[in-house]
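Hi everyone, thanks for making time this morning. I'd like to walk you through a structure, so let's bring it up on the screen.

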Amino acid sequence: MELRELAEKEYITPEDLWDKPIIRSRQSIGKNKIGKWFQKSEEELNIVATGNLLYNMSLLVEEGLGYAVSLDKILNTTGNSNLCFRPLYPELISHLYIAWKKYQVFPKCAEIFLKRLQENL
């Protein structure tokens with residue numbers, strides 16, 4: 001299978017993936033938003049694998065088993081990487097939530113991370 005076909009595009013549309021093997025996050029399964037973006041039901045798509053860790057899903061992509069649909073900037077796709085990221089069009093936005101226990105005592109590195117996160121929100 002030649003996976004370079006979509007790598008040459010500027011962005012990916014639902015139609016580009018309709019006949020392609022798709023590797024998806026388990027968290028996205030059953031979510032109405034991504035189904036609406038694909039404009040097809042789960043049964044109509046060629047979902048060949050699902051996973052919880054994008055790194056593991058990327059290994060399947062590198063082996064030529066399919067295209068991973070994921071968030072940007074989770075994996076290194078620059079330099080010598082065999083992978084590339086292409087945005088979806090129309091854009092699909094996913095909201096992320098970060099939660100922690102009330103009155104949690106954090107190690108110094110976690111405090112710094114949380115402070116920087118709050119500054120950027």
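Let me start with a question for you: which side chain does lysine 73 meet in a salt bridge? The partner is aspartate 72, with N and O 3.3 Å apart. Please keep in mind that this is a predicted model. Lysine 73 is exposed, because its relative accessible area of 72% is over the 50% cut-off. Aspartate 72 is partly exposed, at 37% relative accessibility.

Let's stay with charges for a moment. Side chains of opposite charge can pair when their charged atoms come close. The count here comes to five salt bridges. One of them joins aspartate 16 and lysine 9, at 3.3 Å from N to O. Aspartate 16 counts as buried, with 15% relative accessibility, while lysine 9 is partly exposed at 32%.

Another salt bridge pairs lysine 20 with aspartate 19, and there the closest N and O atoms are 3.0 Å apart. Lysine 20 is buried, because its 11% relative accessibility is under 20%. Aspartate 19, on the other hand, is exposed, with a relative accessible area of 57%.

Now to the loop between strand S3, residues 67-69, and helix H5, residues 108-119. Leucine 71 sits in this loop and is partly exposed, with a relative accessible area of 37%. Together with Ile74 and Leu96, Leu71 makes a nonpolar surface patch of about 300 Å².

Glycine 79 is in the loop between S3 and H5 as well, and at 75% relative accessibility this glycine counts as exposed. How far apart are the C-alpha atoms of glycine 79 and valine 105? They are separated by 38 Å, with the two residues 26 apart along the chain.

For a contrast, look at helix H4, residues 54-62, where you'll find serine 58. Is serine 58 buried or exposed? It is buried, because its relative accessibility of 5% is under the 20% cut-off. Beyond its neighbours within four places in sequence, serine 58 is in contact with Leu75 and Leu83.

Last, the cysteines. A disulfide is a covalent bond between the sulfur atoms of two cysteines. How many disulfides does the structure hold? The number is zero. Cysteine 84 is partly exposed, with a relative accessible area of 39%, and cysteine 109 counts as exposed at 60%.

Definitions and conventions: Residues are numbered from 1 along each chain as its sequence is written. This is a predicted model: local features need pLDDT of at least 70, side-chain atom pairs count only at pLDDT 80 or more; totals for chains, interfaces and linings use all residues. Side-chain values use heavy atoms; hydrogens and water are left out. Patches are made of residues with over 30% relative accessible area and no salt bridge: like charges are joined within 9 Å, nonpolar side chains (Val, Leu, Ile, Met, Phe, Trp, Tyr) within 5 Å. Accessible areas come from the Shrake-Rupley method with a 1.4 Å probe; for residues, only the protein chains shown count as cover. A salt bridge is a side-chain nitrogen of Lys or Arg within 4 Å of a carboxyl oxygen of Asp or Glu. Helices (H or I, at least four residues) and strands (E, at least two) are DSSP runs, numbered from the N terminus. Buried means under 20% relative accessible area, exposed over 50%, partly exposed in between (1.4 Å probe, protein chains only). A disulfide is a pair of cysteine sulfur atoms within 2.5 Å. Contact means heavy atoms within 4.5 Å.
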